[in-house]
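Work through the exercises below with the sequence and the coordinates open. Each task is followed by a stepwise solution.

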There are 2 protein chains.
Amino acid sequence: MRSADDHRRLVESYLDELALTPELGGLEAAMRYALGGGGKRIRPVLCLATGEALGCPPETLLPAAAAVELVHTFSLVHDDLPALDDDAMRRGRASTHVQFGEALGVIAGDALLAEAFRLALTYPTPSVARELAAATLGMIGGQYLDLTEQDEDEAAVHRLKTGSLFGAAIGCALWVAEVPERKQQPWRALACEIGLLFQIVDDILDGDGLAESHGLDGARLLADAAVDRAEAALAELTADISVLAEIVSSVAARTS
Amino acid sequence: MRSADDHRRLVESYLDELALTPELGGLEAAMRYALGGGGKRIRPVLCLATGEALGCPPETLLPAAAAVELVHTFSLVHDDLPALDDDAMRRGRASTHVQFGEALGVIAGDALLAEAFRLALTYPTPSVARELAAATLGMIGGQYLDLTEQDEDEAAVHRLKTGSLFGAAIGCALWVAEVPERKQQPWRALACEIGLLFQIVDDILDGDGLAESHGLDGARLLADAAVDRAEAALAELTADISVLAEIVSSVAARTS
């Protein structure tokens, strides 16, 4: 059984070696820049760990795992644009639109999204790509709420903007592992709790969102409750959950 | 056999009634605005006409035809952004980012692309969505060339930026009609000529591109040659090509 770190290394080397569509030409540089830069790869790692717990080898999961990471990266590139969050820095270096100009920021993001679908469509059935489309649309719905609504809808923003892709990370692995829909619910409940936990810890680290509305101690209590529910969800699964449990702990304990 | 106008009405009413993903919430207004406004619907009409020539009823073709139109619309919304072509007007009214703000222009475009894949993924096999992904990536490659290269690469820009989606309009219909890959080539040659013809006429109407490099008379000669090649491609097909011939003539004769 591979550790989460093993999975992370597999994801990194798969992304490093990923052949992009040749017609994209020089746009590849901006896409690779956006994909690099030391992301935590939590979503693709979760995808690989879920699939392996279900008996799937990583080779069969990597295109789906990478597709989820590409959608995540596309969303960061567009979120950082001046018209949205206007973030000049991302992970300690210039964000993509600062490095390559705003026009290439827009179309590199577009291309990352289209490449994600190309990868998800390498499977023989459409189920992985359908999962990805639904999650992407949910995530964009969350971005819309975040851009336009008052804080009162914070839970919906989190569920959509962050939760959708955590759901897809696990959901895509379920389709690759051919888990029938009627048996997916316990896994999807786990995805939901991990996504929520990730967001609570994010807010604690940034001192905003739930850390602002509930105070730091209140937010830590929320995180503890999410860990408890994630562990309860894990206990429901009939699979080797050791690596998934490790991921839950590391999401709870992360400091960056 | 339906006329091109019949197909256009079918496309309009399908797009009017298209249920978007509920999680997109209020973003739907910006997406519907972008989709409206009197586009010619040439790509989806071509998709329906191709499919009908191959014996497919329009109902089975409409999701694919609409998906191609959504990708086209996404590309216009992003192309119009200040960082790209900075067009405040589109088809005689405010472009989407002017009407809804730049942030919603970015994410409404993203959502149109993701909805296009959702529609293409309603088919039982992944072939329509694969066609769409490849075409979208080619089109973005063309946008990149257009943004960054000198005019010398004009033919490549046209082939990618315009030709890719004309190819997908016909290509998606071929997959829906279950035309095996080895029999697709004559249809794809037709798509290539119609795409080129569309672009030449565009340049003639705008007085730029090929009309600039070849002069108006030279560009008209190029258009006539493309019509001849499109008609030759049509003559190769063993199908009722009357509506497709009508489309070629109307693309050649269009004045707006």
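**Exercise 1.** In which sense of crossing, left-handed or right-handed, does α7(A) pass α6(B)?

Solution. This is a predicted model, in which local features need pLDDT of at least 70, side-chain atom pairs count only at pLDDT 80 or more, and totals for chains, interfaces and linings use all residues. Residues are numbered from 1 along each chain as its sequence is written, and chains are lettered from A and ligands numbered from 1 in the order in which they are written.

Step 1. Helices (H or I, at least four residues) and strands (E, at least two) are DSSP runs, numbered from the N terminus.

Step 2. Axes are lines fitted to C-alpha atoms, for helices over the stretch in contact, and angles run from 0 to 180 degrees between N-to-C directions.

Step 3. Read the handedness: α7(A) passes α6(B) in a left-handed crossing (the near helix is turned anticlockwise from the far one by less than a right angle).

Step 4. List the residues that make the contact (C-beta atoms, placed from the backbone, within 7 Å). On α7(A) they are Ala129(A), Ala133(A), Thr136(A), Leu137(A), Ile140(A), Gln143(A), Tyr144(A) and Leu147(A). On α6(B) they are Ala103(B), Ile107(B), Asp110(B), Ala111(B), Ala114(B), Glu115(B), Phe117(B) and Arg118(B).

Step 5. Sort the residues of this contact by class, which gives 11 nonpolar, two polar and three charged. Ala, Val, Leu, Ile, Met, Phe, Trp, Tyr, Cys and Pro count as nonpolar, Asp, Glu, Lys and Arg as charged, and the others, Gly among them, as polar.

**Exercise 2.** Describe how α6(A) and α7(B) pack.

Solution. Step 1. The angle between α6(A), residues 102-120, and α7(B) is about 160°, and their axes are 9 Å apart.

Step 1. α6(A) and α7(B) are therefore roughly antiparallel to each other, and α6(A) passes α7(B) in a left-handed crossing.

Step 2. Among the residues that meet are Phe117(A) and Arg118(A) in α6(A), and Tyr144(B) and Leu147(B) in α7(B).

**Exercise 3.** How many residues does each chain give to the contact between the chains?

Solution. Step 1. Chain A gives 38 residues and chain B gives 37.

Step 1. On the side of chain B that touches chain A, the elements with two or more residues are α6 and α7 of chain B. The largest share, 13 residues, comes from α7(B).

Step 2. That side of chain B has 22 nonpolar, nine polar and six charged residues.

**Exercise 4.** Is Val179(B) exposed, partly exposed or buried?

Solution. Step 1. Find Val179(B) in the loop between α9 (163-176) and α10 (185-206) of chain B.

Step 1. Count C-beta neighbours inside 10 Å: there are 18, so Val179(B) counts as partly exposed. A residue is buried if 20 or more other C-beta atoms, placed from the backbone, lie within 10 Å of its own, exposed if 12 or fewer, and partly exposed in between.

Step 2. Leaving aside neighbours within four places in sequence, Val179(B) is in contact with Leu54(B), Leu174(B) and Gln184(B). Val179(B) and Leu54(B) are 125 residues apart in sequence, with their C-alpha atoms 8.5 Å apart.

Methods. Two residues are in contact if their C-beta atoms, placed from the backbone, lie within 7 Å. Angles under 35 degrees count as roughly parallel, over 145 as roughly antiparallel, 65 to 115 as roughly perpendicular and the rest as oblique.
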